[in-house]
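Let's take a walk through this structure together, one neighbourhood at a time. Please keep the sequence and the 3D view open as you read.

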Amino acid sequence: MPKALKLTFTLVGAAVLGMAALADSLPPDATYRPLPTLPLGQVRANDEAEKPLVAQRQQTLLQQRYDLSDRPIPDVMMSGLRKPVQGGVRVKLPAGVTWDSLADMSPDEIRQRGLLPAGFRPLPHVKQATGGQVFPNNEIDEIGRQEQRNLRRFDVDFDFPDRFTPEFPPPIFLTSHPELGDVSHGQLLTIKNYYQLMVGLITPVQMEGLRLLLTPFPQEEFNQTEDRKSADQSLGVTCLDCHANFHTNAAFHLTPDVRPQAARFRLDTVSLRGLFNQQLHGSKRSLRSVEDFTQFEQRTAYFNGDHVSAQRKGVHLPDRFDQVPMMAQMQNMIDFPPAPKLDPTGHLDPTKATAQELAGEQVFLGKGHCAQCHVPQTSFLDNNMHDLKLERFYDIGQTENGLVMLPDGPIKTFTLRGIKDSPPYMHDGRLLTLADTVEFFNLVLGLKLTQDEKDALVAYMLTL
Amino acid sequence: MIRLFAVTFLASLLVGPASGQQANPASPAPSNPGGMPAGTREQAPGVPAPHQTNDADRIFIHAAAIGGLAEVDAAKLAAKKGGRRVQEFAQRMIHDHAAANDRLSALATAESIPLPDRLDDEHSTMRDKLEQASGTQFDRTYIEGQITDHQKTAQLLEYEIGSGENADLKKLASDILPTVLDHLRMAQMINSESSQAAERAPR
């Protein structure tokens with residue numbers, strides 16, 4: 001090595017890898033939200049100019065990962081009969097492999113050869129550096145129409161095509177009135193219509209809880225300060241802006257539970273159906289009651305787990321002794337959609353199910369090991385968190401569209417009741433169809449299912 | 001020859017496709033214009049012109065350079081004093097970094113950021129400890145220090161990826177993060193193997 005070069009090496013070049021070391025801690029904005037550095041007008045002009053580029057990057061990523069074409073499963077609709085359920089495996093395979101050849105490889109081999117399909121990896125936010133809540137257009141339009149409240153951001157739009165989101169508006173099923181079926185009358189519940197839709201159906205305390213769930217409160221991107229992403233000063237966001245009709249409209253944001261920003265994974269809004277049977281709440285936080293989660297959602301969904309920023313923008317802290325229980329009790333009245341082929345223990349009734357659905361149930365209970373975590377008797381939950389260790393299959397730490405892909409760690413087992421109604425799937429929405437989830441678990445659990453078994457599993461999950 | 005290579009490399013680095021302009025999800029994503037300091041020159045609205053740095057960029061490059069100094073320094077010591085596994089690890093540390101080192105110094109020069117040329121207190125203390133230690137105690141001290149340093153580096157790189165504004169620095173950070181995490185995993189493995197071995201050893 002020439003001397004000059006050696007010197008540079010030791011002095012400056014000095015290995016960046018592996019050693020940096022910060023005698024001092026990282027700056028506060030590694031954990032806390034920084035205050036804005038520019039006037040809103042300039043931020044907005046920049047954001048608007050960048051918006052097409054931002055959208056195009058994300059579309060490129062989605063196109064690389066998924067087949068986004070319109071291929072509904074014939075004759076299968078979501079529970080409200082408002083949208084067909086998309087079928088087929090949508091995650092694209094890397095060149096030169098098939099799903100079967102992939103399933104025959106060891107995790108190590110897949111990792112070393114870089115063969116884990118990109119669609120199985122963590123999904124970035126449209127604009128990771130900014131993050132925040134992003135609503136689908138149907139929600140934005142309907143809230144605009146009914147309430148003249150603006151949920152549109154000037155910096156980003158919703159990324160997935162509409163066909164991969166839940167039907168809108170979703171039906172509402174009440175545990176207190178199973179005989180009625182969907183009580184939404186095809187409408188989106190809002191602060192304008194909730195009373196008229198629900199009087200005579202729910203109790204006074206539920207009604208007050210519902211009102212609070214539909215009342216806008218300041219939020220990180222929708223508020224009155226210069227640090228916002230709505231063009232106009234905003235009254236804020238309501239709980240049911242994301243949990244539309246207590247289900248989900250696939251609005252997403254970034255996990256409030258992780259820092260720094262680049263490592264925060266995306267979160268797809270979960271359905272609140274069947275909340276009464278869930279013992280853990282939140283994919284990571286594992287809060288133990290609906291009351292706790294309801295109270296804390298003001299800190300998390302609204303302000304990314306940053307109570308300091310919330311203080312500046314105006315935070316709503318619902319009163320724990322009265323308001324929170326009312327909000328919780330309303331949420332606990334929301335049922336799963338009916339599953340006429342299931343018996344009271346959560347198993348298929350052989351007189352009603354098809355041969356393929358029954359075969360799928362056998363795979364679910366047996367070779368697929370699915371029922372070990374998705375226990376049929378307890379709403380397909382085990383009230384536990386599991387680490388699926390996906391990082392066995394890919395090299396962690398790669399950055400895609402601003403997201404550093406890291407191990408997911410333990411994540412709560414989600415229910416599979418009404419599962420056909422809630423694409424996209426997984427905590428971050430990285431999978432688009434149930435067939436994708438079957439390929440995912442086939443690989444992750446090393447199941448080596450045959451094509452018939454995979455098809456049967458999908459048919460089975462459509463009955464839940 | 002080598003100098004020529006360095007110049008070419010530097011040039012390709014600076015005019016290369018790293019400006020976040022293209023729809024290539026592997027290149028740095030758009031940063032948060034809300035996080036740009038006032039007075040930032042823009043090549044397009046919201047896209048900082050090259051050769052500018054914000055606080056995060058400067059903190060990153062400074063800390064990375066200090067860490068770099070300490071790393072090479074400690075690895076050289078470990079390559080002499082360490083046990084077999086530790087020596088291999090230390091060689092790998094020295095070997096793996098050449099390209100990234102060049103990039104860091106090239107970028108620092110291009111952005112006119114002065115780099116530190118001596119260890120900070122934390123690493124001087126570590127250096128003293130390593131000099132005094134020997135045998136398994138040396139191995140343990142070195143590897144434990146490596147684990148801490150790699151953890152900090154990973155957080156530092158993730159911070160730069162999310163908060164920096166200089167596209168080239170952000171790209172550098174995202175390019176080397178997987179290797180840093182790989183090194184961290186190796187160090188953790190050596191650590192757990194040696195603690196198991198210690199448990200098995202007859203007392």
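**A guided walk through the chains**

S286(A) is buried, with a relative accessible area of 13%; buried means under 20% relative accessible area, exposed over 50% and partly exposed in between, with a 1.4 Å probe and protein chains only. This residue sits in the loop between β4 (266-268) and α9 (290-296) of chain A, and its phi is near 55°, a positive value in a residue other than glycine. Helices (H or I, at least four residues) and strands (E, at least two) are DSSP runs, numbered from the N terminus.

A few words on how to read all this. This is a predicted model, in which local features need pLDDT of at least 70 and side-chain atom pairs count only at pLDDT 80 or more, while totals for chains, interfaces and linings use all residues. Residues are numbered from 1 along each chain as its sequence is written, chains are lettered from A and ligands numbered from 1 in the order in which they are written, and side-chain values use heavy atoms, with hydrogens and water left out.

Now to another backbone detail. Phi of Q148(A) is also positive, near 50°, in a residue other than glycine. Is Q148(A) buried or exposed? Q148(A) is exposed, with a relative accessible area of 61%, and its place is in the loop between α5 and α6 of chain A. P169(A) lies in the loop between α5 and α6 of chain A, and the peptide bond leading from F168(A) to P169(A) is cis, with omega near -10°. A cis peptide bond also runs from P423(A) to P424(A), with omega near -10°; P424(A) belongs to the loop between β8 (411-412) and α14 of chain A.

Next, look at the aromatic rings. Searching the whole structure gives 12 aromatic pairs over all chains. Here rings of Phe, Tyr and Trp (its six-membered ring) pair if their centres lie within 6.5 Å, and planes under 30 degrees apart count as stacked, over 60 as edge-to-face and the rest as tilted. One of these pairs is W99(A) with F120(A): the ring centres are 5.6 Å apart and the planes are at 35°, so the pair is tilted. W99(A) lies in helix α3 (residues 99-103) of chain A and F120(A) in the loop between α4 (107-112) and α5 (137-147) of chain A, so the pair ties together parts that are 21 residues apart in sequence. W99(A) counts as buried at 15% relative accessibility, and F120(A) is buried with a relative accessible area of 0%. F120(A) also pairs with F440(A), edge-to-face, at 5.2 Å centre to centre and 80° between the planes. That pair links distant parts of the chain, 320 residues apart, with F440(A) in helix α14 (residues 434-444) of chain A. Together, W99(A), F120(A), F440(A) and F441(A) form one aromatic cluster.

Let's move on to helix packing. Two packed helices are described by the angle between their axes and the distance between the axes. Axes are lines fitted to C-alpha atoms, for helices over the stretch in contact, and angles run from 0 to 180 degrees between N-to-C directions. Helix α7 (residues 204-213) of chain A has Q206(A), M207(A), G209(A), L210(A), L212(A) and L213(A) as its buried residues, and these pack against α6 (194-198), α8 (239-242) and α11 (323-331) of chain A. How do the axes of α7(A) and α11(A) cross? They come within 7 Å and cross at roughly 95°. That makes α7(A) roughly perpendicular to α11(A), a label given to angles of 65 to 115 degrees, whereas those under 35 count as roughly parallel, over 145 as roughly antiparallel and the rest as oblique. The residues of this contact (heavy atoms within 4.5 Å) divide into seven nonpolar, five polar and one charged. Ala, Val, Leu, Ile, Met, Phe, Trp, Tyr, Cys and Pro count as nonpolar, Asp, Glu, Lys and Arg as charged, and the others, Gly among them, as polar.

Helix α12 (residues 355-365) of chain A packs on helix α15 (residues 451-463) of chain A at an angle of about 100°, with the axes 7 Å apart. That makes α12(A) roughly perpendicular to α15(A). The residues of the contact of α12(A) with α15(A) divide into seven nonpolar, three polar and four charged.

Finally, turn to chain B, which has seven helices and two strands, in the order α-β-β-α-α-α-α-α-α along the sequence. Of its 203 residues, 48% count as buried.
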